[in-house]
Amino acid sequence: MFWKDVGDDLWRFVKNVFEMGSYDAATTETLMVLIPKGDHPTSFKNFRPISLCNVTYKIIYKVLVTRLRPFLNDIISPLQNSFILGRSTKDNAIILQEIIYHMNKKKKKKGDMVFKLDLEKAYDKLDWSFLKQTLIMFGFPANITSLIMHSLASTLISLLWNGSKTECFTPTRGLRQGDPLSPYLYVFCMERLGEMIQDEVRVGRWLPLQASANGPSISHLFYADDELLFAKAKPSQARVINKILEDVCSISGLKVSLEKSRAFASADVTRNRKDSVTSTTRIQFTSNLGKYLGFQMHHGRIKKEDFSSIMDRVSNKLASWKGRLLNKPGHVTLANSVLTAIPAHNMQIQWLPQYVCDHLDKTVCSFIWKGSTNKGMHMVGWEKITKAKKNEGLGVRIARKQNIVLLAKLVWDMLKPSNHLWSQILSAKYL
């Protein structure tokens, strides 16, 4: 609406920023809000700080991100998948699930091990000098490096607390969650860790895992601050891993949360060997890695409890809605946009059992006609409402068909020529 009044001035300001490599500190003034991670936060560690940057600042760095993104596929290793065009969350999850299956079937006492690391407040702890060295190492132009570092060092942050602003303060480390450039800066910093690991692999000190005889070797997988490390289950490998992590943490400011990190070993690795690895890394072994990137990792025969979280999430969504305030078209819209979308994430890599799909379909059907009050009657058959709208139906998606479509896409991606690491691993093993 007001572009004709401010457009030319804003364009000139952004142009001068890229030419000069700096700008008025007022542009970086930021409001920070604390989003609780759970229902009852007890300390500041239980909050996620989100920065509300102003529009002018976001325009500058969205321009920079737009210029940077086309080159990331050539710069960033295929072992890192976050925020890269053509790569997705499911890539790492597919590889980890296949590796877990391989490790459970392996019958060698030395076996393999995987570390699922949790980095404590990774964005908030990152050291700026480490970031600057990283940008220089990756060949960022001097003016762009100066611009990025200026945006961090000149930031003025006010905490938005109980509806009012606190006094401004200037941070001395960390990346702001909410800054459009922050995820990409973090990816570059993690790539340095990946290169340090690859150096150890090349000289033979780090022995990576290989899921099949003809498949690629894997030493690590990164997705933002979710890190996976793979190696042979030997005390000597534990010492190599521990040394790498200590070196990275000392120069980057990052810290591994030992309480939240877990290790998993092949089926026949002895208890003594696990204890020896734990004494070096101080990371405890587990028989189940739980969820990774929102996907439940399976460690054996599928059980009903493995999918209870999906069914519970659907039920909780229904309980929180005021169904009696919505008309029937509103129920259909919510069922299609939310209820059927919740299981879609897991359906990308997993075949949901028939009883799970039946439960989801029954829940959706009941919500359409009864809402969250559980009062009412089913006025039209399930076959009718699941027909496409062009065929005089309501277009409600059936869970089983949705699962088939998503997995068919996965199979198609595996069969066609692909640079995806997960596709190379599965193709080498099964095709």
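Is Glu19 buried, partly exposed or exposed? I found Glu19 partly exposed, with a relative accessible area of 49%; buried means under 20%, exposed over 50% and partly exposed in between, with a 1.4 Å probe and protein chains only.

**Basis of the entries**

I worked on a predicted model, in which local features need pLDDT of at least 70 and side-chain atom pairs count only at pLDDT 80 or more, while totals for chains, interfaces and linings use all residues. Residues are numbered from 1 along each chain as its sequence is written, and side-chain values use heavy atoms, with hydrogens and water left out.

**Salt bridges**

I looked up the salt bridges, each a side-chain nitrogen of Lys or Arg within 4 Å of a carboxyl oxygen of Asp or Glu. The structure holds 10 of these salt bridges.

Glu19 has Lys15 as a salt-bridge partner, with 2.7 Å between the closest N and O atoms. I placed both residues in helix H1 (residues 3-20), 4 residues apart, about one turn of the helix. Helices (H or I, at least four residues) and strands (E, at least two) are DSSP runs, numbered from the N terminus. Lys15 is partly exposed, at 37% relative accessibility.

Lys243 is partly exposed at 47%, and Asp247 is partly exposed at 27%.

I also recorded a salt bridge between Lys125 and Glu120, at 3.9 Å from N to O. Here Lys125 is partly exposed, at 24% relative accessibility, whereas Glu120 is buried, at 18%.

**Cavities**

Rolling a probe the size of a water molecule over the atoms shows where empty space is left. On a 1 Å grid over the protein atoms alone, a cavity is a set of points where a 1.4 Å probe fits but cannot get out; a pocket is an open set with protein on both sides within 12 Å along at least five of seven lines; lining residues have an atom within 4 Å of a point. Grid points are joined across faces, edges and corners, and a volume is the space filled by probe spheres set on the points.

My search of the whole structure gave 4 cavities of 30 Å³ or more. The largest cavity has a volume of about 60 Å³. Its lining includes Leu117, Met190, Glu227, Leu245 and Cys249. Helix H7 (182-202) and helix H8 (235-252) each supply at least two lining residues, and H8 gives the most, with 3 residues. I sorted this lining into 9 nonpolar, no polar and 1 charged. Ala, Val, Leu, Ile, Met, Phe, Trp, Tyr, Cys and Pro count as nonpolar, Asp, Glu, Lys and Arg as charged, and the others, Gly among them, as polar.

The second largest cavity has a volume of about 50 Å³. Among its lining residues are Thr340, Asp361, Arg397 and Gln402. Helix H13 (354-370) and helix H15 (399-415) each supply at least two residues of this lining, with H13 giving the most, 3 residues. The classes are 5 nonpolar, 2 polar and 2 charged.

**Largest pocket**

How much space lies in the largest pocket? I noted about 560 Å³. Of its 19 lining residues, Lys37, Asp118, Leu119, Lys121 and Lys260 lie nearest the centre. Strand S2 (47-52) and helix H4 (122-125) each supply at least two lining residues, and the largest share, 3 residues, comes from H4. The lining divides into 5 nonpolar, 3 polar and 11 charged residues.

**Aromatic rings**

I counted 5 aromatic pairs; rings of Phe, Tyr and Trp (its six-membered ring) pair if their centres lie within 6.5 Å, and planes under 30 degrees apart count as stacked, over 60 as edge-to-face and the rest as tilted. Tyr57 and Tyr61 form a tilted pair, 4.6 Å centre to centre with 35° between the planes. Both tyrosines lie in helix H2 (residues 55-75), and both are buried. Ring pairs also link Phe138, Phe140 and Phe188 into a cluster.

**Backbone**

I noted a positive phi of about 55° at Ala224, which is not a glycine. Ala224 is in the loop between strand S8 (220-223) and strand S9 (226-232) and is buried, at 11% relative accessibility.
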